[in-house]
Amino acid sequence: MASILVFGETDDAGLTAPTLEMLGAASRLSGDLGGGVALALIGSGLADAAAVAGPAGADTVYTADADSVAAYQTDSYLPVAQGIVEQDSPAVVLMSQSSMGRDLAPRLATRLGTAAIMDSLGLEVEGDRVKATRSCYGGNARQVVTVQTDPQVVTVRPKSQDPLEADASRSADVIAVDVAEPTLRARTTGKEQAESEGIRLEDAEIVVSGGRGLGGPEAFADLESLAGVLTAAVGSSRAACDLGWYPPSQQVGLTGTVVSPTLYVAIAISGASQHMAGCGGSKNIVAINKDPDAPIFAFSRFGIVDDYKKVLPALESAFAEALD
Amino acid sequence: MDVIVCVKQIPDPETPAAAFKVDEAAMQVLPAQGISPVISPFDAQAVEAALRIKDASGDGSVNIISLGPDSARDAIKHSLAMGADEGYHLKDDAFDGGDAWTTALALSKAIQHLGVPDVLIFGRQAADWDQGTVGSIVAELLDLPSATVLRAVEMTGDSITVSRVVADGFENIELPTPCVLTISNEFGDPRYPQLRQIMQAARKQVTELTAADLGLDASEVGAAGARVQMHALFQPTSDVEVEIIEGDTPEEKAAGLVNALREAKIL
Ligand SMILES: Cc1cc2nc3c(=O)[nH]c(=O)nc-3n(C[C@H](O)[C@H](O)[C@H](O)COP(=O)(O)OP(=O)(O)OC[C@H]3O[C@@H](n4cnc5c(N)ncnc54)[C@H](O)[C@@H]3O)c2cc1C
């Protein structure tokens with residue numbers, strides 16, 4: 001039995017960054033809760049990912065390894081996840097606020113007779129409860145909440161927690177879990193992969209984002225060119241996505257991707273709370289906006305007040321020269 | 001096809017940050033001066049999705065349920081003005097201080113009370129607490145298949161085909177009926193009610209239901225039944241001080257910014 005059971009996710013590189021972050025948080029919190037850290041992996045071909053779980057902070061790894069659960073589907077993952085929680089009976093269940101976590105956490109919590117807190121930013125232990133701080137009201141407010149029933153299910157916002165330094169001397173016990181043939185009611189029949197050129201938004205050290213003030217889709221080509229110079233990813237506000245100027249997969253914000261790069265360059269973006277919910281964790285924000293009163297400046301370290309059309313070409317050459 | 005949509009009335013999420021105020025002691029958001037509450041935008045899109053299903057199937061109904069204080073009636077009226085058929089207002093002091101769990105519990109009882117329809121639709125999250133769990137909890141309580149965060153919904157014979165927004169693209173999912181769906185903003189703009197429809201909706205009866213009507217004891221709902229407890233509500237503060245890069249030409253400003261970033265060791 002662990003005090004904290006983390007539902008991890010895997011990608012080609014092994015455990016995803018949010019999984020490593022949750023293991024870091026779990027290691028920190030488990031000391032106060034008294035008990036170990038377990039990682040649950042559901043998927044197919046999990047051996048490599050399971051092998052790095054120990055160094056990343058897990059004491060135990062449950063692997064539910066089967067072709068039938070290769071990709072997330074509500075109906076196939078739910079009973080497997082329930083089985084692992086019942087086997088481990090942890091005090092706390094953590095999941096990422098990912099496409100999986102959003103969907104799985106509330107259903108799993110209900111099935112277990114408890115409740116889920118979604119999208120936490122900060123986690124602290126008080127007594128036997130995990131106090132979660134989370135954003136609400138579109139980023140305008142924060143609330144501190146606890147789940148009063150057990151286990152306490154909490155989803156964690158990517159980039160909000162620090163991973164541990166990998167420690168190769170640590171290893172985790174691996175427990176293989178049987179996967180029964182799932183009964184699928186809702187069935188995934190296909191996937192449209194977003195065409196992803198260049199750097200992934202959530203991994204980028206620098207993000208260049210454009211908003212409605214760009215005035216049209218053409219300007220995103222100029223942002224991409226600037227991003228090329230900076231080795232940056234390109235994001236956009238929801239207004240720009242809703243207008244069809246840039247794909248929804250690049251939307252930054254409350255209902256889009258959460259980014260926290262070293263540098264976030266917001267071009268012709270007003271700085272609405274729902275947008276800031278997705279980029280407010282950036283270490284430095286630079287805003288280019290023609291309106292000196294735009295709210296974005298209140299979150300920015302540096303700003304240029306001007307028409308982006310005039311500034312952008314000059315900025316690209318200045319960066320190119322500086323980085324040469 | 002028969003559809004039920006669950007909606008919520010909330011403080012306008014487009015309220016400018018400067019007008020947004022919290023009463024920390026009461027752990028409540030204060031109503032912003034001169035800014036009226038609205039139906040949660042994702043819920044309006046959920047109503048739109050339901051109306052399109054009804055239109056495409058040529059018959060059936062779209063009924064609306066909202067749990068909340070008196071103001072919840074406005075979210076119901078808005079949905080009726082968009083074209084929904086009947087409205088049900090879960091209204092009881094016993095519901096006060098509830099959480100996502102108690103809300104979902106009461107909604108699921110109301111849905112059973114009215115008869116489980118072919119499709120149940122929710123917004124992906126209410127734009128006040130931004131939790132995004134009520135639809136999934138109801139699905140679990142009613143033991144129905146679900147698909148969340150959808151940008152498109154289509155009927156194909158007796159089943160429903162949806163497109164789910166995921167981090168790296170979209171998933172196509174096929175569900176039997178009855179099922180639960182939650183709608184995301186990628187779905188597109190909801191229809192805006194015309195004056196004539198608003199007047200018609202204003203005259204329509206909204207059925208009120210209490211906890212007792214739903215067979216729920218006061219101890220199961222509201223603050224008494226809540227599983228999540230709030231300890232604090234506050235506004236985050238930003239401690240950055242912006243430095244505006246001045247210059248006579250765009251070139252000067254651009255050069256100034258690059259210099260500033262270098263000096264701050266950001267580049
Ligand atoms: C429930 C909900 C969820 C939401 N989720 C998100 C989300 O995830 N992400 C998100 O981004 N938004 C989200 N929004 C929308 C958000 O409230 C704002 O409407 C949106 O972020 C505004 O986008 P924008 O800044 O591009 O556009 P606007 O607010 O229209 O701002 C455009 C800016 O461009 C400037 N500008 C115009 N022309 C120029 C020029 N030539 N040069 C320089 N500057 C110029 C203007 O001064 C202005 O500041 C959400 C809203 C709701 C209600």
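Predicted model: local features only at pLDDT ≥ 70, side-chain atom pairs only at ≥ 80, totals over all residues.
Which is D130(B), buried or exposed, and what is its relative accessible area?

A: D130(B) is buried, because its relative accessible area is 4%. Buried means under 20% relative accessible area, exposed over 50%, and partly exposed in between, with a 1.4 Å probe and protein chains only.

Some ground rules before going on. Residues are counted from 1 along each chain as its sequence is written, while chains are lettered from A and ligands numbered from 1 in the order in which they are written. As for pLDDT, that's the predictor's confidence in each residue, from 0 to 100.

Back to D130(B). You'll find D130(B) in the loop between β8 (119-123) and α4 (134-141) of chain B. Those labels are DSSP runs numbered from the N terminus: helices are H or I with at least four residues, strands are E with at least two. D130(B) isn't a glycine, yet its phi is positive, about 55 degrees. Most residues other than glycine have a negative phi, and most peptide bonds are trans.

T231(A) sits in the loop between α6 (219-230) and β14 (233-236) of chain A. Its cover is another story: T231(A) is exposed, because its relative accessible area is 58%. Then there's G83(B), which comes after α2(B) and has a positive phi near 130 degrees.

In chain B, α2 covers residues 72-82, and eight of its eleven residues are buried. Among them are A72(B), A75(B), I76(B) and S79(B), and even K77(B) is on the list.

On the backbone theme, cis peptide bonds turn up too. One joins T177(B) to P178(B), with omega about -5 degrees, and P178(B) lies in the loop between β11 (169-175) and β12 (179-183) of chain B. Another runs from D150(A) to P151(A), where omega is near -10 degrees; P151(A) belongs to the loop between β9 and β10 (152-156) of chain A.

Chain B has seven helices and 15 strands, and its C-alpha trace spans about 65 × 45 × 40 Å along the principal axes. Of the contacts in chain B with a separation of 6 or more, 73% are between residues 24 or more positions apart; contact here means heavy atoms within 4.5 Å. The mean pLDDT of chain B is 97, with 100% of its residues at 70 or more. For the complex, the predictor gives an ipTM of 0.96 and a pTM of 0.96.

Finally, see how chain B meets chain A. T146(A), in strand β9 (residues 141-147) of chain A, is buried at a relative accessible area of 2%. Its contacts beyond four places in sequence include R227(B), V228(B), Q229(B) and H231(B). With H231(B), the side chain of T146(A) makes a polar contact of 2.7 Å. A polar contact is a pair of N or O atoms within 3.5 Å; within protein, one must be able to donate a hydrogen and the other to accept it, and residues adjacent in sequence count only if both atoms are side-chain atoms.

K191(A), in strand β12 (residues 187-193) of chain A, is partly exposed at 42%. Leaving out residues up to four places away in sequence, K191(A) touches V166(B), D168(B), F170(B), E171(B) and N172(B), and its side chain makes a polar contact of 2.8 Å with the side chain of D168(B).

Definitions and conventions:
Heavy atoms only, no water.
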